[in-house]
Amino acid sequence: MPCLYFALRDRSIKSPTLPSIKGIYRKYWCKNQLQFRQLRIVQQKFQEAGLPLIVIRGVALALRSYRDSGLRPVEQLDLLIQAEHIEPVQKLLQDQAWKSVANPYNPNSQYFVNSQGNIKLELHLDAWPLSLDAQAETLKQLHQQNSNLWQAAQSFSQPDGAVFQMLCPADQLLQVLIQGTYDVSHRSPYRW
């Protein structure tokens, strides 16, 4: 709907539903701004603790690929972390009043909500769908595979001066293709 609003507005198409569609766009713009503010705080805490992270999935798309941050609805903050940092990351989030909760869609992922309960954050060990409950040998293999993702990651600056690490464009495209076809029973595949 936000993209439809921009398309209608840019073409000066009048419609009685345009105010409603504009309202949907404004809702997502506001919601995204709240999430991006939380992301900046989390990123700063990670930097202070020396814990690297890569912003992935919907947040990365909204920040890098859309001309307006309200055009791509973001459901949660998705962060790629390194396997050896699971425990320090969990502690850091809990110290910042993030509460660990069960993920209704993937019971194997690490899911958090902020103290107000209005922002969700999901930790990933891999850019592709995978359980955080992997065995030690799997984690070692994952670390080797992910080293290419981490080496190819790029810094992306925001107008407010925030800088986020994101997947390189080729890895981002691959992630979009995989995510758009992986377990879409609970998500909006058209968004991907």
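**Group meeting: rings and strands in a predicted model**

Okay, let's start with phenylalanine 6, which counts as buried because its relative accessibility is 6%; buried here is under 20% relative accessible area, exposed is over 50%, and partly exposed is in between, with a 1.4 Å probe and protein chains only. Before I go on, this is a predicted model, so local features need pLDDT of at least 70 and side-chain atom pairs count only at pLDDT 80 or more, while totals for chains, interfaces and linings use all residues. Residues are numbered from 1 along each chain as its sequence is written, and side-chain values use heavy atoms, with hydrogens and water left out.

A search of the whole structure turns up three aromatic pairs. The cut-offs: rings of Phe, Tyr and Trp (its six-membered ring) pair if their centres lie within 6.5 Å, and planes under 30 degrees apart are stacked, over 60 edge-to-face, the rest tilted. One of the pairs is tyrosine 5 with phenylalanine 6: centres 5.8 Å apart, planes at 70°, so edge-to-face. Tyrosine 5 is buried too, at 8%. With tyrosine 25, tyrosine 5 makes a stacked pair, because the centres are 5.4 Å apart and the planes at 25°. Tyrosine 5 is in helix H1 (residues 2-10) and tyrosine 25 in helix H2 (residues 18-49), so that pair ties together parts 20 residues apart in sequence. Helices (H or I, at least four residues) and strands (E, at least two) are DSSP runs, by the way, numbered from the N terminus. Tyrosine 25 comes out at 12%, so buried again. Put together, ring pairs link Tyr5, Phe6 and Tyr25 into a cluster.

Now, which residue lies over the face of phenylalanine 6? That's arginine 9, at 4.2 Å from the ring centre. Elsewhere, lysine 27 has its charged end over the ring of tyrosine 28, 5.2 Å from the centre. The test is NZ of Lys or CZ of Arg within 6 Å of the ring centre and within 35 degrees of the ring normal.

On to the strands. Strand E2 (residues 77-80) is covered on both faces: Leu77 and Leu79 on one side, Asp78 and Leu80 on the other, all buried. Strands pair if DSSP finds at least two bridges between them. E1 (residues 54-56) runs antiparallel to E2, with three bridges, and isoleucine 54 has leucine 80 as its bridge partner. E5 (residues 120-124) runs parallel to E2, joined by four bridges, with leucine 77 opposite leucine 121.
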